[in-house]
Amino acid sequence: MGGTRVLVGTRKGAFVLTSDGGRSDWTVDGPHFPGWEVYHLKGSPVNPDRIYASQTSGWFGQVIQRSDDGGASWETVGNDFTYDGVPGEHQWYDGSLRPWAFTRVWHLEPSLHDAETVYAGVEDAALFKSTDGGAQWAELSGLRQHDTGPQWQPGAGGMCLHTIVQHPTDPDRLYVAISAAGAFRTTDGGRTWEPINKGLRSGEIPDEDSEVGHCVHRIDMHPANPDVLYMQKHWDVMRSKDGGDTWHEVSGNLPSDFGFPITVHAHEPETVYVVPILSDSHHFPPDGRLRVYRSRTGGDEWEALTDGLPQENCYVNVLRDAMAVDQHESCGVYFGTSGGQVYASRDSGDSWSPIVRDLPAVLSVEVQTLP
Amino acid sequence: MNDIGGDSVRVVLPAHLRAIARIQGEVRVDVSGAVTQRTVLDALETEFPMLRGTIRDRATARRRAFVRFFACGEDLSHEEPDAPLPERVVQAEEPFRIIGAMAGG
């Protein structure tokens, strides 16, 4: 029974929570990079001691940190995210055109195949890749230069590329999601991209069947069934069974189909988790009850998971990167809240308990299952 | 970072950037030629490459919006990057101060 390491990014630093496979007793280490926003940190599946972190600040910009000892110590690596060529323009909120400008790294996705290779999703939306452990970054500019690029528009949180999903066996096949442009797929390692938004039917935009313009919040996949993708959209929980060619809604009996994270169980490809939020203007759970919803049928039929979660007077939010699962035999599920709690379940969501209660607002949660 | 040769300029960094650069207290950087915001920051970033992009925007090389420059009790933030810095900075009698602007409510 190996160990468990939970990597938590918050508004004011990063925290590393560790336990054994029993996941009862936790050690909290941090804050790392105190005072800085840590949008995301994630470990390499190839070398779990290698962790990448995005440290950002409205004052001092973007810093990328790298650890080679499981988060005990860190070193700064490259932070030059210069767009390839002339950046061009995208739409601003009012429909006017505005030049692409780098703001921050939202998401770091270490390669499934090589510890030195890592992808970065940034605001304004673009995808970067490093093959030298984060020292140098090169834009995979075919995405930003897609014909639809000038039509892309920011969501409320900015025009960010926040989701990067790798195919488990084909390193040339990637999925990304951009708020509020939608989902895109490459099958040639990032050279060319196509929008994959058929069926999203976003009622809040002028043409609900538009090729782009959809506010996708997150996508997840189970490696045993990589043609099936799950999506939490601004409104609506969606499923694709053909690698993103088409989508259909699986919101079913959820109390609200607005939310941010969506996560697939480690061992059950049809078991998926969401956290319903009342609405885009409320950003807290319906009825003041914090409920994770689980479907064991790939969507449509959902059950509320409440044991150990506050069921009154709870008005926190759970952001898109703030939920993850471990790989232990009894799958652990973890999520962090805007109130600074990190909740963990050792039994696939049947029961929950907090690991910590009083961190800064949680931006991201990732889990490493250690040998 | 030494005080031998050229003009050695004292620079005070805000705490968050001292943490990034792993330094304590003020630093000295050697500037060859005219001592200006640009040459001081160029020398600082050469000595501490991890500070690139944290004081000046990577793409535009302009001062980041919430970073300010002070010296000799004056706000030099809106001076031209190539304007000479005060003689007391050049003579290392006063430091060039880089400050995170007070912001918020």
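The questions below take up a few terms in turn.

This is a predicted model, in which local features need pLDDT of at least 70, side-chain atom pairs count only at pLDDT 80 or more, and totals for chains, interfaces and linings use all residues. Residues are numbered from 1 along each chain as its sequence is written, chains are lettered from A and ligands numbered from 1 in the order in which they are written, and side-chain values use heavy atoms, with hydrogens and water left out.

Q: Why is A:V216 called buried?
A: Buried means under 20% relative accessible area, exposed over 50%, and partly exposed in between, with a 1.4 Å probe and protein chains only. A:V216 has 0% relative accessibility, so it counts as buried.

Q: Which residues is A:V216 in contact with, leaving aside neighbours within four places in sequence?
A: Contact means heavy atoms within 4.5 Å. Among the residues that A:V216 contacts are A:H162, A:I178, A:L200, A:M231 and A:R320.

Q: What makes β26(A) and strand β27 of chain A a pair?
A: Two strands pair if DSSP finds at least two bridges between them; strands are DSSP runs of E, at least two residues, numbered from the N terminus. Three bridges join β26(A) to β27 (residues 333-336), so the two strands pair, and they run antiparallel. In β27(A), A:Y334 is the bridge partner of A:A324.

Q: Why are β26 and β29 of chain A called edge strands?
A: The open sheet has four strands in the order β26-β27-β28-β29 (chain A), with antiparallel pairing. Strands β26 (323-325) and β29 (353-356) each pair on one side only.
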